[in-house]
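Hello,

Here is the structure you are taking over. My notes follow below it.

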Amino acid sequence: MILDLDIGNTLSKWRLKDAESSEIRSRGAVWTREEWRPGADIPDLDVVEAVRISSVARAAVLEETVALLRRRVRHVHVAHSTQEALGVVNGYEEPGRLGVDRWMGALAGYHLAGGCCAVDCGSAITIDFVLPGGQHLGGFIIPGLRLMKESLKLGTRNVAIDPESEADELLEPGRRTVDAVNHGIYMAAVSAINRIYSEVCDQEGVALPMLLTGGDARVVSRGVQVPHAVWPDMVYGGLEACFPMTLAERAGKMSGAPRVPEPVALEKIRAGLAFSMLL
Ligand SMILES: Nc1ncnc2c1ncn2[C@@H]1O[C@H](COP(=O)(O)OP(=O)(O)O)[C@@H](O)[C@H]1O
Ligand SMILES: CC(C)(COP(=O)(O)O)[C@@H](O)C(=O)NCCC(=O)O
Ligand SMILES: [K+]
């Protein structure tokens, strides 16, 4: 079995992948603050022959995790943001400073779709752009839905956006604090994504397919007007592409990769932008 780990600021996600069949056998998540202890919600390491890790948590969390895993598992691969990988050139002045989850997402997106806009809706919402030739432009970082809510400190901490609520509902003015906050941050997130996408496509003269991942991807997806696909395993896709192990991976396949969304024509994106400027 291959253990894939995506350690974010909020949740540490894992999945077990069968090295022979390439099937995903199980998956789970624990709070990043908590200690890693095989047992409870952590897979049994006895069946694991290799681990691939993407981590943006504190260095100590990664060090401890790697130390623990190295004692039990033969192959431990840790992903790093580099200047170039798999045909993508990192757009950061200091490539190593780009969050490795963003780098994995950008690589997976490029591997799947060529040029793309990769959006990760986790603790932070990150919006990264890769051009068709492989140049990563850099990106945008805004607080995630939960962080935005917490920053308001309005005692609404535990009131999550109802994942069943319709986007239309979330776009109405709230008539209670809870709704005003939820609708406000939702609007902030989705309008930022829509606008940033249009601005960058306009500047670069190319309509890019958009891919969405992260804990809030599904709820954010409903308010994003740009054609896009939700890809929960996008960060894992980067790990698969960087450290291919199974036959399918060596053939370039990434588990759970969606169909590439067809972007709208650049003229339409530009017309939408021009229209919003008139309002
Ligand atoms: N069941 C859940 N538990 C925790 N967070 C959730 C859950 N469902 C959605 N979320 C949202 O997902 C975010 C965490 O998403 P994730 O992509 O795992 O973040 P990160 O990679 O930063 O750890 C939380 O900040 C929260 O807004
Ligand atoms: C921007 C992030 C905090 C997002 O982390 P996440 O929401 O996935 O936990 C992470 O990618 C990070 O720590 N990046 C380093 C700074 C940068 O990418 O510029
Ligand atoms: K993120």
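An oxygen atom of ligand 1 lies 2.9 Å from a polar backbone atom of T10. Another such distance, 2.9 Å, runs from an oxygen atom of ligand 1 to a polar backbone atom of G215. For D216, an N or O atom in the side chain is 2.7 Å from an oxygen atom of ligand 1. The protein covers 73% of the 570 Å² of accessible area that ligand 1 has on its own (Shrake-Rupley method, 1.4 Å probe; for residues, only the protein chains shown count as cover). The residues around ligand 1 include G8, N9, K13, W31 and R146 (near means that a heavy atom lies within 4 Å). By class, this shell has 2 nonpolar, 7 polar and 3 charged residues (Ala, Val, Leu, Ile, Met, Phe, Trp, Tyr, Cys and Pro are nonpolar; Asp, Glu, Lys and Arg are charged; the others, Gly among them, are polar).

Before you read on: this is a predicted model, where local features need pLDDT of at least 70, side-chain atom pairs need 80 or more, and totals for chains, interfaces and linings use all residues. Residues are numbered from 1 along each chain as written, chains are lettered from A and ligands numbered from 1 in written order, and side-chain values use heavy atoms, without hydrogens or water.

Next, ligand 2. It has 14 residues around it, and the closest are N9, Y92, G99, D101 and R102. An N or O atom in the side chain of Y92 is 2.5 Å from a ligand 2 oxygen atom. The side chain of D101 also has an N or O atom 2.5 Å from an oxygen atom of ligand 2. For R102, a polar side-chain atom is 2.7 Å from a ligand 2 oxygen. The protein covers 77% of the 460 Å² of accessible area that ligand 2 has on its own.

Now D120. UniProt lists D120 under "binding site", in an unreviewed entry (positions use the numbering here, feature names are shortened, and annotations may be inferred rather than shown by experiment). D120 counts as buried because its relative accessibility is 14% (buried is under 20%, exposed over 50%, partly exposed in between; 1.4 Å probe, protein chains only). Leaving out residues up to four places away in sequence, D120 touches D101, I125, T126, T213, G214 and V235 (contact means heavy atoms within 4.5 Å).

Last, R15. R15 is buried, because its relative accessibility is 0%. Its side chain makes a polar contact with the side chain of D233, at 2.9 Å (a pair of N or O atoms within 3.5 Å; within protein, one must be able to donate a hydrogen and the other to accept it, and residues adjacent in sequence count only if both atoms are side-chain atoms).

Best wishes
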